[in-house]
Amino acid sequence: MIQVALPAHLRTLAGVSGDVSIEVSGTVTQRSVLDALEERYPMLRGTIRDHVTKERRAFLRFFACQEDLTHEPPDAPLPQDVASGKEPFMIIGAIAGG
Amino acid sequence: MSTVRVLVGTRKGAFILTSDGKRRNWGVSGPHFTGWEVYHVKGSPADPNRIYASQTSGWFGQIIQRSSDGGKTWETPGGGMQMAPGGMPAGESNKFVYDTSAGSGKPLTTHQWYDGTQHPWEFKRVWHLEPSFTDPDTAYAGVEDAAIFRTTDGGKSWHELSGLRGHGTGPKWQPGAGGMCLHTIILDRTNPKRIYIAISAAGAFRTDDGGETWKPINRGLRSQYIPDPTAEVGHCVHHVAMHPARPEVLYMQKHWDVMRSDDAGDSWREISGNLPTDFGFVIDVHAHEPETIYVVPIKSDSEHFVHDGRLRVYRSRTGGNEWEPLTNGLPQENCYVNVLRDAMAVDSLDKCGIYFGTTGGQVYASADSGDSWDPIVRDLPAVLSVEVQTLQ
């Protein structure tokens, strides 16, 4: 099971507390994790990436294993510790404003 | 005994204020959707317990919320665990995708950007929700970048009425300071095929065929900030109001100028009269007196606060031109708030109640048509919108 850490506002929207656990089939990538997340929690569609283009929303970042994976290709494999469920895939609201 | 429910959208959530018909003692519920901007909350005339809310965020985009119990509980329609055959979500309430199909004519893909170049349409948020008079599952959404969408399944899915964007003048539309937003939608109870909308900064438009085709209705408007002050489109209309008993008569607060039309928008004339400034955002009509209208003059387009440090609602009982300041109960010194375009509403009790919210977080109510005012709440986040439901 993949562990995904959501920003507080998206946890509220999805009606969950803490990290969520999702099943991902095949290679664990940004795309496959987000596909599985949106299938399990349809109310999150459009809040992390665009409905049509699937591009990441500008003020969100993807972190895992102390690395910023935001600009990695969406089909690149995520670190083994994420794939094994040891470390969470973190969706972070960027600090913007002041 | 009648009751009143005031639906307030703010920069950091929604609030619901309730009172009996005396409108003296108020209960406050909220914040709902804490931390999100709530541009608009509006109830269905066909089923007052059905309420729609536009919840939006620069980080997470657009969410549509729906209540079926008068705002006690909320859901994202179609966004829960409802699955259609095949395992896909049954609906996507926040999916606003512009229609670019060949079958709907020639949808435009660009509008004028701040620097005069053409810029592609990009969905940002829903500014206004207008539920149908007859069907609680049907509602319209006015969005930024400017377009109108409709749902007929209670908000699960939304489809653009692309004839508006495809009207042909789209390349001349441009964003105002708040973005290129479709902020006003007025349905005509006597003519289901007729809808009025207004866009900053494009102007007002009308359809007489249920949204298939649209025409600009801006003749008589004069705007010095565009190259041709009397152009067919390009005007920064801030809000339009109509009395349901006289659907041919429209009142408009333009960027500058308060205007009136007696022919369903085909022509306009100025009715600013003796207002201290005719810049402003809100305009509304008394529930029982179609010639009684309300505005809140704002000092200027670069000073978005009330004139002279005094919060004054101006009322005209003559359909414009002759205005009186209403100050009883409102701060008359050191007041520098704004009242945004969707932040005034009227109830239908006798006497008519008037409500408005400020960027300082106050929601004021008058239970006597504006003669006197009291704050319902004083310290909410900046108020974006105010709507009222009169419940029997």
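This is a predicted model: local features need pLDDT of at least 70, side-chain atom pairs count only at pLDDT 80 or more; totals for chains, interfaces and linings use all residues.

The dialogue below moves from the overall fold to one strand, then to a core residue and a loop residue.

Me: Which strands pair with β14(B), and in what sense?

Reply: On one hand, strand β13 (residues 181–187) of chain B runs antiparallel to β14(B) and is joined to it by 6 bridges, with Leu187(B) as the bridge partner of Ile195(B). On the other hand, β14(B) pairs with strand β15 (residues 203–207) of chain B, again in the antiparallel sense, over 5 bridges, and here Ile197(B) has Phe205(B) as its bridge partner. With 2 residues between them, β14(B) and β15(B) form a hairpin.

Me: Which way do the side chains of β14(B) point, and are they buried or exposed?

Reply: In a regular strand the side chains alternate between the two faces of the sheet. In this case Ile195(B), Ile197(B) and Ile199(B) point one way, while Tyr196(B), Ala198(B) and Ser200(B) point the other way, and all are buried. Since 6 of the 6 residues of β14 (residues 195–200) are buried, the strand is largely enclosed by the rest of the structure.

Me: What does Ile197(B) touch, leaving aside residues up to four places away in sequence?

Reply: With those sequence neighbours set aside, Ile197(B) touches Gly142(B), Ile148(B), Leu164(B), Leu182(B), Thr184(B), Ile185(B) and Phe205(B). Ile197(B) is also among the residues that touch the most other members of the largest nonpolar core, which has 132 residues, and Val6(B), Val240(B) and Tyr355(B) are others in that group.

Me: As a contrast, where does Lys22(B) lie, and is Lys22(B) buried or exposed?

Reply: Lys22(B) lies in the loop between β2 (13–20) and β3 (27–32) of chain B. A count of 12 or fewer other C-beta atoms within 10 Å marks a residue as exposed, and Lys22(B), with 11, is therefore exposed. The C-alpha atoms of Lys22(B) and Ser2(B) are separated by 8.7 Å, although these residues are 20 residues apart along the chain.

Note on methods: Residues are numbered from 1 along each chain as its sequence is written. Chains are lettered from A and ligands numbered from 1 in the order in which they are written. A nonpolar core is a set of buried Ala, Val, Leu, Ile, Met, Phe, Trp, Tyr and Cys residues joined through C-beta atoms within 7 Å. A residue is buried if 20 or more other C-beta atoms lie within 10 Å of its own, exposed if 12 or fewer, and partly exposed in between; C-beta atoms are placed from the backbone. Two residues are in contact if their C-beta atoms, placed from the backbone, lie within 7 Å. Helices (H or I, at least four residues) and strands (E, at least two) are DSSP runs, numbered from the N terminus. Two strands pair if DSSP finds at least two bridges between them.
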